[in-house]
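Here are some friendly notes to read beside the model. Take the points in order, and keep the viewer open so that you can find each residue as it comes up.

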Amino acid sequence: MRDQVLAYLDGLDLGTFAMSQELPFDNAGTTLYLKNPKRVYVDLDQNTTEVFIGVMGNNSIDMDVVSVIVYFANDAKNLPADYSDTVNAVVGAKSLYAANGFFKRDYLTSTKYENDLMVTIIELRFYKLQ
Amino acid sequence: MATNYIAVQPGVSGQYPTVSLTAFYANGVTIAGSLTVPSLQDITVNNSNDVFNWTQLNETGKLAVATTSTNSIATNLVLEDLTWFGSNITAGGTDTAVAQGINGLSRNKQKCKVVITNAIGARTITANCYVTGLAATVSADSPVWLSPVTFNVTGDYQIS
């Protein structure tokens with residue numbers, strides 16, 4: 001899903017924010033979204049499998065959850081005028097369809113402060129039956 | 001005093017309840033070939049006695065005696081095509097439980113024998129019943145067909 005989220009966000013006008021094709025961290029452990037504010041980074045898929053419907057036998061119906069986290073940072077004191085639009089644009093990626101079809105999609109947004117930067121973290125989650 | 005509880009181990013062969021159904025001919029002879037009901041979410045074995053109450057002048061409380069009981073086995077299951085519709089969707093009352101499927105056994109109002117193995121521990125519960133209470137359901141946020149199924153028991157359970 002990372003590639004699909006990247007392709008979706010690449011096609012949008014993110015205002016004063018720019019898309020990055022890189023992962024949020026480099027191999028030295030540097031957090032790139034802190035190093036390059038106002039650039040949107042998309043992390044690798046995180047996959048989990050959960051039991052969706054448990055049954056007595058050993059053929060429970062499992063559900064795959066794909067989680068894609070998007071990071072970007074901006075000045076903590078002066079919020080960019082297009083900040084809300086950028087957040088709305090990113091969370092719009094939850095409506096992406098995969099070939100197998102997701103029956104549920106949701107997202108979680110959160111912010112944190114690193115020195116003089118505000119970091120926005122948007123977790124997009126996609127659910128489908130195995 | 002030690003307390004012995006009865007646990008199941010879903011997924012471990014022989015350690016969880018399984019339900020099988022066998023159809024009867026009209027003359028009461030079983031039709032060979034039983035249907036094992038897969039993907040059960042839960043099983044409830046119901047037994048409810050009717051009670052007759054009366055009053056006596058020398059008693060401050062009503063007196064009671066149990067009369068006949070109403071028995072049923074309630075389950076919820078995940079639908080599987082072959083088990084639900086049977087191997088022959090036009091199967092009638094002289095066909096096997098496998099051919100009729102759960103839906104067919106209900107449609108044909110077929111008297112069946114239900115056997116629950118590994119029921120409440122290592123017990124086996126057997127009863128004659130009719131399949132009722134089907135309500136196959138699917139929804140957008142639960143995209144798997146599920147249904148309750150009730151085996152309405154005629155007579156008593158046999159427990160071994």
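1. Along its sequence, chain A runs α-β-α-β-β-β-α-β-β. That gives three helices and six strands, where helices (H or I, at least four residues) and strands (E, at least two) are DSSP runs numbered from the N terminus. Please keep in mind that this is a predicted model: local features need pLDDT of at least 70 and side-chain atom pairs count only at pLDDT 80 or more, while totals for chains, interfaces and linings use all residues. Residues are numbered from 1 along each chain as its sequence is written, chains are lettered from A and ligands numbered from 1 in the order in which they are written, and side-chain values use heavy atoms, with hydrogens and water left out.

2. Of its 130 residues, 44% count as buried; buried means under 20% relative accessible area, exposed means over 50%, and partly exposed is in between (1.4 Å probe, protein chains only). The chain exposes about 6800 Å², with carbon and sulfur atoms supplying 47% of it. Such accessible areas come from the Shrake-Rupley method with a 1.4 Å probe, and for residues only the protein chains shown count as cover. Among contacts in chain A between residues at least 6 apart in sequence, 57% join residues at least 24 apart; a contact means heavy atoms within 4.5 Å.

3. Now find N74(A) in strand β4 (residues 61-75) of chain A. Is N74(A) buried or exposed? N74(A) is buried, because its relative accessible area is 0%. Setting aside neighbours within four places in sequence, N74(A) is in contact with F17(A), K38(A), L79(A), P80(A), Y83(A), D116(A), L117(A), M118(A) and T120(A). P24(A) is 50 residues away from N74(A) along the chain, and their C-alpha atoms are separated by 15 Å.

4. One of those partners, K38(A), sits in the loop between α2 (32-35) and β2 (39-42) of chain A. K38(A) is partly exposed, with a relative accessible area of 26%. Its phi is near 65°, a positive value in a residue other than glycine. In chain B, N118(B) also deserves a look: its phi is near 55°, again positive and again not in a glycine. N118(B) belongs to strand β5 and counts as partly exposed because its relative accessibility is 23%. Most residues other than glycine have a negative phi.

5. Which residues have the most contacts inside the largest nonpolar core? They are L21(B), I102(B), V114(B), V131(B) and F151(B), in a core of 27 residues. At least two core residues come from each of β1 (18-23), β2 (35-37), β4 (63-78), α2 (97-107), β5, β6 and β8 (142-159) of chain B. A second, separate core has 25 residues, including L14(A), V42(A), V90(A) and F126(A). A nonpolar core is a set of buried Ala, Val, Leu, Ile, Met, Phe, Trp, Tyr and Cys residues joined through side-chain atoms within 4.5 Å.

6. Not counting residues up to four places away in sequence, F151(B) touches V19(B), L21(B), S72(B), I73(B), T75(B), V114(B), C129(B), Y130(B) and V131(B).

7. Helix α2 of chain B holds Q100(B), which counts as buried because its relative accessibility is 1%. Beyond four places in sequence, its contacts include W84(B), F85(B) and G86(B). T83(B) lies in helix α1 (residues 81-85) of chain B and is buried at 10% relative accessibility. With neighbours within four places left aside, T83(B) is in contact with L35(B), T36(B), V37(B), P38(B), G101(B) and I102(B).

8. Where do the chains meet? In total, 16 residues of chain B are in contact with eleven residues of chain A. Together the two chains bury about 1100 Å², 70% of it on carbon and sulfur atoms; buried area is the accessible area (1.4 Å probe) that two parts lose on being put together, summed over both. The count of salt bridges between chain B and chain A is zero, a salt bridge being a side-chain nitrogen of Lys or Arg within 4 Å of a carboxyl oxygen of Asp or Glu.
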